[in-house]
Amino acid sequence: MKKSLFFAFIALCVTLSLVFAQKKTAAKKSSDVDLTKMSATMVYAKVFDMLINPDNYEGRKIRMHGTFEVFEYEMDGKPARSFACIVQDATACCAQGMEFRLKGSPVYPKDYPAQYSDITVSGTFHQFEEAGMNRILLTDCTVE
């Protein structure tokens, strides 16, 4: 009798754990990701996860703090420019970034922060294909 009650109790605990884990996962998927409240190590790891598992973040609001960087390059023989928020790990030896696009029709450099300044950017995570390459960026962004 005691053994059967013990096993019933264990089964109940396992079931409740699974139910709460599913609710937590569902809530997590629908919530925003605020990287400004994480340690440098966690931010670096989370950005890395966003880059290798972009489907998990599609359409979610992302907020991050880092350094504003401008990258100039050529695409299809034409000059192009990308804007990014760069984060570093806790030891400042490694850096990763997230490209972003501001809301509206901003003009560079007038409507952008100074190069290498500290910024907090908020926007919607999207992945898409452009010129045969997979791209990941934050869209409709605001910069603080």
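**Figure 1. Confidence along the chain of this predicted model.** Averaged over the protein chain, the pLDDT is 82, and 78% of the residues reach a score of at least 70. Residues 5–16 have a pLDDT below 50, and this stretch makes zero contacts in the model beyond near neighbours in sequence. The pLDDT is also below 50 over residues 23–30, a stretch for which the model shows two contacts beyond near neighbours in sequence.

**Figure 2. The elements of the protein chain and how its residues are covered.** The protein chain contains two helices and six strands, and, read from the N terminus on, these elements follow the order α-β-α-β-β-β-β-β. The chain has 144 residues, of which 28% count as buried, and its accessible surface comes to about 9,600 Å², with 59% of that surface belonging to carbon and sulfur atoms. When contacts between residues at least 6 apart in sequence are considered, 58% of them join residues that are at least 24 apart.

**Figure 3. Strand 4 and the two strands that pair with it, strand 3 and strand 6.** Strand 3, which covers residues 78–88, runs antiparallel to strand 4 and is joined to it by six bridges; in this pairing Q88 stands opposite A95 of strand 4. The two strands form a hairpin with six residues between them, and A92, which lies in the turn, has a positive phi of about 60°. Strand 4 also pairs with strand 6 (residues 133–143), here in the parallel sense and over three bridges, with L102 standing opposite C141 in strand 6.

Figure 4. A polar atom of the Q96 side chain lies 3.2 Å from the backbone oxygen of Y44. Leaving aside residues up to four places away in sequence, Q96 touches Y44, V47, F48 and L51, and it also touches C85, I86 and V87.

**Figure 5. The tilted ring pair of F83 and Y108.** The protein chain has seven aromatic pairs. In one of them, the ring centres of F83 and Y108 are 5.3 Å apart and the ring planes meet at 45°, so this pair is classed as tilted. The pair links distant parts of the chain, since F83 sits in strand 3 and Y108 in the loop between strand 4 and strand 5 (118–130), 25 residues apart. F83 has a relative accessible area of 9% and is therefore buried, whereas Y108, at 26% relative accessibility, counts as partly exposed.

**Figure 6. The stacked ring pair of F83 and Y112, and the cluster that includes both.** F83 also forms an aromatic pair with Y112, and this one is stacked, with 4.1 Å from centre to centre and 20° between the planes. Here too distant parts of the chain are linked, with F83 in strand 3 and Y112 in the loop between strand 4 and strand 5, 29 residues apart. Both F83 and Y112 are buried. Ring pairs join F83, Y108 and Y112 with F68 and F100 into a cluster.

Definitions and conventions. Residues are numbered from 1 along each chain as its sequence is written. This is a predicted model: local features need pLDDT of at least 70, side-chain atom pairs count only at pLDDT 80 or more; totals for chains, interfaces and linings use all residues. Side-chain values use heavy atoms; hydrogens and water are left out. A polar contact is a pair of N or O atoms within 3.5 Å; within protein, one must be able to donate a hydrogen and the other to accept it, and residues adjacent in sequence count only if both atoms are side-chain atoms. Contact means heavy atoms within 4.5 Å. Two strands pair if DSSP finds at least two bridges between them. Helices (H or I, at least four residues) and strands (E, at least two) are DSSP runs, numbered from the N terminus. pLDDT is the predictor's confidence in each residue, from 0 to 100. Rings of Phe, Tyr and Trp (its six-membered ring) pair if their centres lie within 6.5 Å; planes under 30 degrees apart count as stacked, over 60 as edge-to-face and the rest as tilted. Buried means under 20% relative accessible area, exposed over 50%, partly exposed in between (1.4 Å probe, protein chains only). Accessible areas come from the Shrake-Rupley method with a 1.4 Å probe; for residues, only the protein chains shown count as cover.
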